[in-house]
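Reader: I am new to this structure. Please show it to me, and then let us go through it in questions and answers.

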Amino acid sequence: MKGEVKMKSKMKWVGLVGLVLSAFSIFTHFLLARFTEMGIAEYQSSVTIFSWRPIFDLQHSPSNSASYRRLWGPVKRLESLYPDSNPRGYYADPSSQTNAFIFVRIQGGFHDIRNSICDVVVVARLLNATLVMPEILSTTSSKGISSQFKSFAYLYNEDQFVLSLAKDVKVVRTLPKDLKGARRKKEIPVFRVPYSASPTYYLLRVLPVLKKHSVVEIVISEGGCLQPILPPHFEEYQRLRCRVAFHALRFRQEVQDLSARILQRQDNLHCHVSYLLRAPGRPFIAFDPGMTREALAYHGCAELFQDVHTELIQHKRSWMIKRGFVKGRLSVNSAAARLKGSCPLMPEEIGILLRAYGYTKDAIIYVSGGEVFGGQRTLIALHAMFENVVDRTSLSTPWELSRLYGQEVNLVNAPPAHPFTEEVKKRAAWKNAGPRPRPLPPPPARPKSYNIEGWWGWVAESDNEPDSTVMELRTNAHKLLWEAIDYAVCVEADVFIPGFDRDGKGHPNFASLVMGHRLYQSAASKTFRPDRKEAVKLVDEIRNHTYQANHTWLTSVRRHLRKTLLDGIIEASNNSKPLSFLSHPVPECSCSRHNANEVSNNSSVPSASQIWTALGVSHQCPAWMDAGPVSQTKDKENEDDLADDDSISGLFFAPSGVNQGGGEAEVSTKEENQFEDQDELEGGER
């Protein structure tokens with residue numbers, strides 16, 4: 001007995017000593033972590049919790065290297081193209097006595113609204129009318145959104161809009177009381193203006209009615225109400241469009257603040273990784289997929305997807321055909337349409353082009369757009385090629401996004417009836433239904449879940465798409481704010497590349513407006529405009545041996561993308577501008593500071609003067625803009641040429657047999673940096 005007691009006593013002492021040592025060890029660990037120079041945060045930042053989160057740990061070329069300039073540097077031949085939307089001749093201030101009031105209601109998405117507002121300001125100036133603050137129907141039709149913001153103010157800054165246009169158009173926030181009452185009684189004339197109406201339409205049809213009734217209501221549903229290309233004597237109205245789009249239309253302050261924070265984000269938002277979009281020395285690429293259901297349906301690209309997504313696109317195309325929006329057949333050969341360049345470039349194809357051009361796997365890719373049809377699975381391949389693929393949701397918190405919406409009404413559906421109560425009602429109805437035989441009661445209607453949650457069962461049950469729920473209408477308003485953030489980020493990106501530049505009506509889309517804004521604000525910033533027909537051919541050439549891309553193919557991709565930096569602008573002037581002026585506001589809203597006597601040393605490369613001629617830019621910038629000399633540096637690298645002896649080391653992508661997960665076998669440094677610029681390109685004064 002005594003031996004057992006002693007043994008138990010010893011075991012207790014051993015356990016006690018173990019606990020003390022464990023506590024001491026934990027205490028020492030925290031002290032070391034607290035006072036160590038690296039700190040816990042550094043340890044946490046090296047751990048990958050979610051493989052799709054951005055990780056910034058690779059070294060990069062210095063900003064003065066040839067490789068950096070080729071990938072991220074400005075387009076030298078466009079550096080002397082400057083924005084100039086000021087009037088260039090006599091331009092009278094708006095008259096204090098106007099003809100009447102124009103009240104405008106605008107339907108459509110973000111790019112439709114932006115185009116329409118610019119057009120209607122020009123129409124108000126043309127008719128010498130007072131413009132009432134435009135009404136955005138996406139916000140007024142949404143229930144439960146914050147009453148803090150009213151229609152136009154939900155997206156844009158009203159004060160900035162009124163003040164910026166003080167010398168162009170008289171703008172008021174609301175109609176006078178008597179005209180408000182007449183509008184409620186539907187006593188004022190309404191014009192549903194066609195897309196791309198001419199100035200003659202307004203002068204001959206709208207102006208007489210405007211003078212007679214003192215007010216007209218204009219409904220815009222096609223994304224524009226004035227033809228994009230105006231006669232030469234209306235050139236000042238084109239510059240007015242630029243002043244509206246690029247100066248008067250500022251997002252409300254909350255949107256601007258969040259966009260700026262996303263661009264400069266350095267916070268540890270999720271406690272395990274540091275998000276940093278505009279990191280010191282870390283440029284980024286903005287990519288807009290342009291893959292909306294409407295655009296895919298309009299251009300007949302259903303077969304690019306599978307399963308229910310194909311059915312959804314075909315359903316939308318059938319709806320468009322019935323209403324006359326689409327003239328073609330329901331069934332379209334999507335493969336043939338893709339080869340013709342009529343379908344969007346998939347995220348995987350954009351990733352292949354960017355990797356072939358030389359962007360390494362740790363380049364930061366910001367994915368914009370309110371909707372990427374097909375969901376996150378369409379971005380899987382892009383995530384596999386680039387580690388740092390981010391969007392507004394990964395660079396902001398839900399709390400920050402909720403602040404944009406303001407104080408919203410809590411939309412709670414009525415609680416469903418108790419099952420027992422429902423059963424009693426059914427039995428009572430069955431007993432009182434009359435003599436037998438009686439048909440069985442119809443099955444209960446299946447509730448429509450919100451589309452983003454992935455339930456599209458109505459496609460197999462009905463030819464008609466269900467009406468939007470209250471939450472969907474609210475989300476449509478939220479999408480305007482999401483796209484406003486994306487727009488601000490894309491305009492400021494170091495590189496921009498679109499997957500598609502057309503919307504569900506065949507008109508220029510969100511990406512086209514971004515490219516037009518970048519051309520106006522900073523023409524030299526890198527904006528790739530890939531020729532989809534040529535890009536598809538290049539991608540298909542290595543479809544079966546992607547990991548073994550050869551030197552000739554890589555050179556072809558580089559040359560193609562490099563060519564689109566300049567040729568894409570000229571192509572946009574022929575294809576996009578006739579449909580949307582804001583997609584290509586050159587030459588009306590630009591001026592040049594180039595040397596008129598400039599001569600290119602390389603006859604195969606167009607000089608800046610030749611580019612200005614092709615773009616139609618002849619206006620010299622005013623003297624006050626000549627604060628500094630135009631850059632005339634001589635570089636060994638010519639960004640428009642690519643030597644055929646470009647040496648490519650390593651592989652295009654890591655071989656399929658290489659395991660890149662969990663920190664195991666990694667591709668060698670040479671393979672990861674296979675696109676380091678080795679080109680010896682002809683020099684010349686640029």
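Reader: Which residue meets D501 in a salt bridge at 3.0 Å, N to O?
Author: This is a predicted model, where local features need pLDDT of at least 70, side-chain atom pairs count only at pLDDT 80 or more, and totals for chains, interfaces and linings use all residues. Residues are numbered from 1 along each chain as its sequence is written, and side-chain values use heavy atoms, with hydrogens and water left out. A salt bridge needs a side-chain nitrogen of Lys or Arg within 4 Å of a carboxyl oxygen of Asp or Glu. At 3.0 Å, N to O, the partner of D501 is R532.

Reader: How many residues apart in sequence are the parts that D501 and R532 tie together?
Author: Helices (H or I, at least four residues) and strands (E, at least two) are DSSP runs, numbered from the N terminus. D501 lies in the loop between strand 11 (495–498) and helix 21 (510–521), while R532 is in helix 22, so the pair ties together parts whose separation in sequence is 31 residues.

Reader: Are D501 and R532 buried or exposed?
Author: Relative accessible area decides: under 20% is buried, over 50% exposed, and in between partly exposed (1.4 Å probe, protein chains only). D501 also meets R502 in a salt bridge of 3.8 Å, N to O, and both of those residues are buried. For D501 and R532 the class is likewise buried.

Reader: What is the distance, N to O, in the salt bridge of R338 and D540?
Author: R338 sits in helix 14 (residues 334–339) and D540 in helix 22 (residues 532–541), 202 residues apart. R338 counts as buried because its relative accessibility is 14%. D540, at 30%, counts as partly exposed. Their side chains meet at 3.0 Å.

Reader: Which residues are linked with R338 and D540 in a network of salt bridges?
Author: The whole structure holds 24 salt bridges. In this network, R338 and D540 are joined by E348, E349 and R543.

Reader: Is the ring pair of F234 and Y237 stacked or tilted?
Author: Rings of Phe, Tyr and Trp (its six-membered ring) pair if their centres lie within 6.5 Å; planes under 30 degrees apart count as stacked, over 60 as edge-to-face and the rest as tilted. The count comes to 16 aromatic pairs. The centres of F234 and Y237 are 5.4 Å apart and their planes stand at 50 degrees, so this pair is tilted.

Reader: What class does the ring pair of Y357 and Y359 fall in?
Author: Y357 and Y359 are both buried. Their ring centres lie 5.8 Å apart with planes at 25 degrees, so the pair is stacked.

Reader: Which residue lies over the face of Y91?
Author: A charge sits over a ring if NZ of Lys or CZ of Arg is within 6 Å of the ring centre and within 35 degrees of the ring normal. R355 lies over the face of F386, at 5.9 Å from the ring centre. Over Y91, at 4.0 Å, lies R125.

Reader: Where is the kink in helix 23 centred?
Author: The bend at a residue is the angle between axes fitted to the seven residues ending there and the seven starting there. Helix 23 covers residues 551–575, and its kink is about 50 degrees.

Reader: How many helices and strands does the protein chain have?
Author: The protein chain has 686 residues, and 48% of them are buried. Its secondary structure comes to 25 helices and 15 strands.
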